Amino acid sequence: RAAQTVMYRILDTLTRLVSPILAFTADEIWQFMPHDSSCDTRNVIFNDMPSAKGNEDAEFMTRWDRIIALREDAKKVLETARSEKVIGASLDASVKLYATGENYEFLNSVKPMLKSVFIVSDVELINGEGGDLVGEQGIGVSAVRAEGEKCERCWSYSSTVGQDSEHKTLCARCAAVINSL
């Protein structure tokens with residue numbers, strides 16, 4: 001039931017947001033949606049735009065503020081590597097993060113998402129000091145050319161490209177996705 005409520009809120013919000021741009025499509029969606037008594041069911045355009053619910057978690061926001069500040073540092077280092085012709089696109093890079101203590105623990109807790117946040121092929125976390133740039137958080141950042149071959153599907157560089165016998169041009173993650181279809 002909770003998942004249905006969340007999905008309904010997403011559908012309701014997106015329908016209201018796209019209504020000025022895709023008026024007919026949004027109205028058609030609106031006509032098939034269930035509504036509570038606070039909604040004008042005649043047309044989506046007669047309803048207010050969604051507003052923030054105000055239930056942001058301060059810890060969650062602080063965590064993401066740190067990640068975004070770190071992303072800005074990584075972007076600076078990636079741009080330097082790009083201008084020095086070490087890499088072409090950001091997916092050509094592997095980012096190395098140098099941290100100690102609480103910063104290292106924080107980075108270790110968010111490491112699985114950092115490749116996606118930085119849009120790079122790999123992120124290496126090193127317990128210690130170093131890096132080409134040390135940001136305001138005291139975390140060192142360096143960028144080097146990523147090792148491995150380029151995956152034909154996700155364009156990331158990986159040492160696992162070619163290990164799947166059926167999909168020689170894909171990394172292990174992409175090959176697993178394709179094999180599951």
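A residue is called buried when its relative accessible area is under 20%, exposed when that area is over 50%, and partly exposed in between, as found with a 1.4 Å probe on protein chains only. Of the 181 residues of the protein, 32% count as buried. The structure is a predicted model, in which local features need pLDDT of at least 70 and side-chain atom pairs count only at pLDDT 80 or more, while totals for chains, interfaces and linings use all residues. Residues are numbered from 1 along each chain as its sequence is written, and side-chain values use heavy atoms, with hydrogens and water left out.

The protein contains 5 helices and 6 strands, where helices (H or I, at least four residues) and strands (E, at least two) are DSSP runs numbered from the N terminus. Their order along the sequence is α-α-α-β-α-β-β-β-β-β-α. The protein is more spread out than a compact globule, because its radius of gyration is 22 Å, well over the 16 Å that the globule rule gives for 181 residues. This radius is taken over C-alpha atoms, and the rule is 2.2 Å times the number of residues to the power 0.38. Along the principal axes, the C-alpha atoms fill a box of roughly 60 × 45 × 35 Å.

Contact means heavy atoms within 4.5 Å. Among contacts between residues at least 6 apart in sequence, 53% join residues at least 24 apart.

A nonpolar core is a set of buried Ala, Val, Leu, Ile, Met, Phe, Trp, Tyr and Cys residues joined through side-chain atoms within 4.5 Å. The largest such core has 23 residues, and those with the most contacts inside it are Leu-97, Leu-107, Leu-114 and Phe-118. At least two residues of this core come from each of α3 (58-83), β1 (93-99), α4 (101-118), β2 (122-127) and β4 (140-145). Another core, of 6 residues, lies apart from it and includes Cys-151, Leu-170, Cys-171 and Ala-175.

Leu-107 is located in helix α4 and is buried, with a relative accessible area of 0%. Leaving aside neighbours within four places in sequence, Leu-107 is in contact with Leu-70, Leu-97, Ala-99, Leu-114, Leu-125 and Ile-139. With residues up to four places away in sequence not counted, Leu-114 touches Ile-67, Leu-97, Leu-107 and Val-123.
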